[in-house]
Amino acid sequence: MGRSFHLARFELRRYLAHRSDLAFGIALPVVLFSLMMVALGPDAKFRGVMHVADLDGGSLASRILERVENADGVAVRRYTRDELADALGRAAISTGFVIPPGFSASVESGAPASIVVKSRGSGSDEGRFVTGIVQGALRAAASEIELRRVAGVLVGDPANDARLDEAVRQALAGARTRPPVVVVTESMWVREASQLDRLLAGIVVMFLLFSGTLGARALIEERRTGTLERLMTTRLSAGELFVGKFLAGIGRVVLQSFVLLGLAFAVLGMAGPVVFLQCLVLAIVVAAAVTAIGLVIAAVARTEEQAAFSAVVLTMFMSVFGGTFLPTSGTGWLDVLARFTLNKYATDAFVGLFGEAATLADQGAELVILGAVAILGLATAGMMFRVSSSAV
Amino acid sequence: METYLEAEGLTKYFDGVAAVEDVSFVIRRKEIFGLLGPNGAGKTTTIRMLSTVLAPDVGDVCVGGHSVIREGDEVRKRIGICPQELALYPELSAVDNLVFFGRMAGLSGREARARARTVLASVGLESRGNEVVKKYSGGMQRRVNIGIALMNRPELLFLDEPTVGIDPQSRNHIFETVLSLRAEGTTVLYTTHYMEEADRLCDRIGVMDRGRIVAVDTPTELKRQVGDPDQTTLEEVFLHLTGRSLRD
Ligand SMILES: Nc1ncnc2c1ncn2[C@@H]1O[C@H](COP(=O)(O)OP(=O)(O)OP(=O)(O)O)[C@@H](O)[C@H]1O
Ligand SMILES: [Mg+2]
């Protein structure tokens, strides 16, 4: 067993010395993710963006926007009236807000005023989320104005702004420290999985599958050049060799997951070592499954070209039908097909963890299926394992 | 002299065709035994059976008192094999290759590193051991290929065409290495297509043809079968024994 571990360690060093493998397995996804990050912009880490045309520019409008900006998970992006109309027209955004001219003045003089929400169709989840935040900000501003008005009446000297301001300020401070009524919200803030989560998880899984299955090439190359046969003249047994190659495959894929998951977390603006650790544990199970599939390919294929072809076709097929690029939450034959892909289970499990809606414990079914793939693949590959390239 | 290896009736079929048939011979301790024969004669297949890689269909081999069939692990402790094709990791350095195979042969990390230094010196690569093997010349790669076989201080060394495609300098260095190994007590099985090489190095020679051993003797005695040993070359003996027809 010790020799298997040593073999695996050696394999990892070979992997790190192998530039083209590194380029494909790590550098390529790094570039891909960086491009996605640039394309999606810094807003990607927010749950919502308030797209607003502030045609008023008054102090009240500014205070409201400031409140929205300070809320968790929301960014404010400003437009002119035409830009906003154009963005909505192009469907670049689904919900926009317009603060009409004279808004602040109107409110301050006691006349009614409104903020206009423009949606495409029924809007989006993001739009509704942002609208909720904006309404909250408006309510806070409204109660402040109301308080000011009442205080003004009580003081009876609306012209004496300094005293009025002081009274309102104290009242608001008091309300903040000792609120007369509070709502205690016990739900935890949970990051909901987005379309982007699914895309990133899918791409991570696709690359892990690529590395696991393309590992078959290296094994066949070793069969061809004779290093495997040579190893059989050392003290290493065929069993130890097989286990060593399996461990090496897992190590390689987990190393790659570490980098790719780190990137995915950066793109999604996620923090939290606990979530990351759970993702890594899941990655080990995925690595075992994809490595076992790679070993089966190595056992079946006779040449490196056959192995590369099988690996690419299998990975692309499973990625497309397993929901890497499109969700598989339909019914019908596509959904049935998805169940025969490793990607579906791996991607779903990662998305669950990314969304923080689920922990590893909730992914029992997925883990069992991935584990079963690993065990079945390993058993098959183990039975067919050979060290020489031709009939013996 | 004491027998170190004894092959008895070795036979191997590939797809129903015998690649090696009823091959029996002995190699004595501390001798350099040459195995000669045309392409496809069955030399490599024989070596693969002698070194436990390939199980014989018929027959057995006894190496240092142990059967390759029943005591493969005991045999593997005692042998080093330098395959006909380069079997190493070209993207790594010579040192890394040597240490890795040394560890797989049962050395500890420290032993393997120390042994790698000695082996590098004996194959004339001490100053370039940390460069990656794929940047080496053909001769240097061949020498690493041999070096790997020396890592476990084998009692019996198999060298399957170790001098293919290299310059006279590298070839000479390999000869010297082989001769000094014999002087240290190593038994060597050596195959080659260069007859003058075999003549110069080998104490005894076995000639194979079409899977069978057709003659085993010292170079001088083999020559005597054809004519005056001082006037005859080993090449003439070889062509006499194996004929002049081309092989597939
Ligand atoms: N794994 C294999 N499967 C099928 N046939 C094989 C296999 N290995 C060798 N042979 C055949 O067995 C015969 C002997 O081959 P072998 O490699 O032992 O010859 P050799 O004497 O080493 O030749 P060379 O001088 O070219 O190295 C050849 O006809 C070869 O084609
Ligand atoms: Mg050969």
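The second largest cavity of this predicted model has a volume of about 50 Å³. Its lining is made up of L219(A), R223(A), L228(A), L295(A), A298(A), A299(A), M384(A), F385(A) and R386(A). Two elements of chain A, α8 and α11 (273-300), each give two or more residues to this lining. The most come from α11(A), which gives three residues. By class, seven residues of the lining are nonpolar, none is polar and two are charged.

In total, the structure holds two cavities of 30 Å³ or more. The largest cavity has a volume of about 120 Å³. Its lining has 13 residues. Those nearest its centre are T233(A) and T234(A) from chain A, with I148(B), A149(B) and N152(B) from chain B. Three elements of chain B each supply at least two residues of this lining: β6 (79-82), α3 (94-104) and α5 (138-150). Of the elements, β6(B) gives the most, with three residues. The lining of the largest cavity divides into seven nonpolar, five polar and one charged residues.

Rolling a probe the size of a water molecule over the atoms shows where empty space is left. The second largest pocket has a volume of about 790 Å³. Its lining counts 35 residues. Nearest the centre of this pocket lie E229(A) of chain A and T44(B), T45(B), R48(B) and Q84(B) of chain B. Elements of both chains take part in the lining. From chain A, α8 (195-225) and α9 (227-231) each supply at least two residues. From chain B, β2 (17-28) and α1 (43-50) each do likewise. The largest share belongs to α1(B), with five residues. The lining of the second largest pocket has 12 nonpolar, 13 polar and 10 charged residues.

The size of an interface is often given as the accessible area lost when the parts come together. Between chain B and chain A, the buried area is about 2500 Å². Carbon and sulfur atoms give 61% of this area. On the side of chain B, the residues that lose the most area to chain A are Y89(B), F100(B) and M104(B). Together these three account for 26% of what that side buries.

Chain A was then considered as a whole. Its secondary structure comes to 15 helices and four strands. The chain has 392 residues, of which 44% count as buried. Contacts in chain A were also sorted by separation in sequence. Among those between residues at least 6 apart, 76% join residues at least 24 apart.

Strand β3 of chain A spans residues 95-99 and is mostly covered. Five of its five residues are buried.

Strands of a sheet pair through backbone hydrogen bonds, either parallel or antiparallel. Strand β3(A) shows both kinds of pairing. With strand β1 (residues 48-54) of chain A, the pairing is parallel and runs over three bridges. D54(A) stands opposite I99(A) of β3(A). With strand β4 (residues 116-119) of chain A, the pairing is antiparallel and runs over four bridges. Here the bridge partner of F97(A) is V117(A) in β4(A).

Chain B contains an open sheet of four strands. The strand order is β2-β1-β4-β5, and the pairing is antiparallel. Strands β2 and β5 (66-67) of chain B are the edge strands, each pairing on one side only. Strand β1 (residues 3-14) of chain B runs antiparallel to β2(B), and eight bridges join the two. E6(B) has V26(B) in β2(B) as its bridge partner.

Notes: Residues are numbered from 1 along each chain as its sequence is written. Chains are lettered from A and ligands numbered from 1 in the order in which they are written. This is a predicted model: local features need pLDDT of at least 70, side-chain atom pairs count only at pLDDT 80 or more; totals for chains, interfaces and linings use all residues. Side-chain values use heavy atoms; hydrogens and water are left out. Buried means under 20% relative accessible area, exposed over 50%, partly exposed in between (1.4 Å probe, protein chains only). Two strands pair if DSSP finds at least two bridges between them. On a 1 Å grid over the protein atoms alone, a cavity is a set of points where a 1.4 Å probe fits but cannot get out, and a pocket is an open set with protein on both sides within 12 Å along at least five of seven lines; lining residues have an atom within 4 Å of a point. Grid points are joined across faces, edges and corners, and a volume is the space filled by probe spheres set on the points. Ala, Val, Leu, Ile, Met, Phe, Trp, Tyr, Cys and Pro count as nonpolar, Asp, Glu, Lys and Arg as charged, and the others, Gly among them, as polar. Buried area is the accessible area (1.4 Å probe) that two parts lose on being put together, summed over both. Contact means heavy atoms within 4.5 Å.
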